[in-house]
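Subject: Handing over a structure, with notes

Dear colleague,

I am passing on to you the structure that I have been looking at, and my notes on it follow below. Please keep it open beside this email while you read.

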Amino acid sequence: MQKTILRRTPPEQAPETPLAGHLPPLLDRLYRLRGVSRSEELEHKLQLLHKPTFKGLDEAVALLADAVEAQANVLIVGDFDADGATSSALAVLALQAMGLSSVDFLVPNRFEYGYGLTPEIVEVAAAMAPDVIVTVDNGISSVEGVKAAQEMGIAVVVTDHHLPGSELPPAEAIVNPNQPGCSFPSKNLAGVGVIFYVMNALRAELRQRGWFSEGRAEPNMASYLDLVALGTVADVVPLDHNNRILVSQGLQRIRAGVARPGIIALLDVAGRQMHRLVASDLGFAIGPRLNAAGRLDDISLGIQCLMCDSDSLAREMALALDELNRDRKAIESGMQKEALTMLGKLELQEDEEGLPWGLCLYDGNWHQGVIGILASRIKDRLHRPVIVFADSGEGEIKGSARSIPGLHIRDALDAVAARHPHLLNKFGGHAMAAGMTLAREHFDDFHKAFDQEVRRQLQPEDLQPVLISDGHLTPDEVNLELAALLRQAGPWGQHFPEPLFDGEFGLAQQRLVGEKHLKMTLALDAQGQHLVDAIAFNIDPELWPNESAQRVRLAYRLDVNEFRGRQSVQLIVEYLEAI
């Protein structure tokens, strides 16, 4: 699909003075384009983190400190993704380090219990006889689950970062920057960031109570920043200044080799070098391998890998996670081929308007754990909101939705539910992603209602994909020094994107690498004297290689390619078009 490339514009009231005297002008401009207005926002010292002004934090810390002193039985209930895995591992490790002898974790199997602290998972938890349940990366919507726990005499501390519903759970304490009345400035913390703050505050409370004056070692909370960085990046939360500090500090520790053995092992099986690690490696190398366990089997394997102290055992588990990720890719590839066949038939059936604006796809044989990835792939391909469904048993189907800018998918589902109360059994989510269940017999009616709602909220131009570029680079700027500078200048991520440039180039050479990667040699000048390597991943093999193409229009990132000890500049192509 052809894309429109727009140039990023600076804030209207950007200061004229340089952000910092040592910054190259290009990097100064890139930071300004991302809303940085003060040099302090470029510093990543831990002392600059926001103070822990969370609503409910004092109550949570007091309850947990009492539990540590009484050696109560504490159970961590997590989520089945990378944020949930890192949150669970951090909570267990930190509580153990503070001297709690009885602490364990439990994560609902997504296929049996679904998401969050449900009454059903509370029954499973009760068999472990906890005195306190601490939710991590979930719980803010678990009203009935919290009630069920309290009826069994189990106290509940909710730590979460998701948006709350109209009713909060009646927990003994709730720590969530997005709950009403919370004054914590950053609303963008991942679940692992929230539990990191809670554990920091717990250590301070235990220190004040004299807990560590009796020969007990006081844990170094910075040692968990590798987990915080991983969960924050993998959960794709906005990288505001506070999150950039957490990610930067974690990256520094990993690059120095001071990281959990499980993280080191996962990087190794993914072929990533620790000393060259950047934030995107956490999101694209480690995150999918952890998530694969939760998608296909049980995220407990990922949590155990993160908690493991043995290098050899960590590697065994990392290899098992890598194998699960390969299985996930194979399943996803098959589902994607089936979905594209389905789309081809759907296009033939539709009238002159083409595909639905709000697209729903369902196959009874699709894997529940992979439908979210498939929805994201189809959304990226067609640039429209997509919901992919799979059977969940007992006549129900489960859907995973991904949206595009301009449509708040959770609000769109709320509008559908208001107009058609019988269609949706339950749903939840946020602006860009959501989940839902409905009766299988209602799929066609829901598809029509969802498409109508999307058409109410969007305009035709909203279905045209747009890339936001930082502008053009001169041939002299396409060099190894600038590529290395940009690579380390982040951490880049959601809402603080890695620099993307655009331009037109002569196409000197092109060849296919593997099945879907296009390796190119580009001419940066009209004379063809300044050449640079480029690679485009996951291209359409029906369009490329294109032997008739002599010039191309690109949107690209500048990167450093390292091969056999030799470094060279390389363009990572995000968009490719023959001109």
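What radius of gyration would a compact globule with 579 residues have, and what does the chain have? By the globule rule, which is 2.2 Å times the number of residues to the power 0.38, with the radius taken over C-alpha atoms, the value would be near 25 Å, and the chain has 25 Å, which agrees.

Before going further, please note that this is a predicted model, in which local features need pLDDT of at least 70 and side-chain atom pairs count only at pLDDT 80 or more, whereas totals for chains, interfaces and linings use all residues. Residues are numbered from 1 along each chain as its sequence is written, and side-chain values use heavy atoms, with hydrogens and water left out.

The overall picture

Taken along the principal axes, the C-alpha atoms fill a box of roughly 75 × 60 × 50 Å. The chain contains 16 helices and 17 strands, which are DSSP runs numbered from the N terminus (helices are H or I with at least four residues, strands are E with at least two). Of the 579 residues, 55% are buried, where buried means under 20% relative accessible area, exposed means over 50%, and partly exposed lies in between, using a 1.4 Å probe and protein chains only.

The interior

If neighbours within four places in sequence are left aside, the residues in contact with Ile76 (heavy atoms within 4.5 Å) include Ser88, Val103, Phe105 and Val136.

Two residues to look up

Leu6 is found in strand 1 (residues 4-7), and it counts as partly exposed because its relative accessibility is 41%. Arg455, which is found in helix 15 (residues 443-457), also counts as partly exposed, since its relative accessibility is 27%. The C-alpha atoms of Arg455 and Asp137 are separated by 33 Å, and these residues lie 318 residues apart along the chain.
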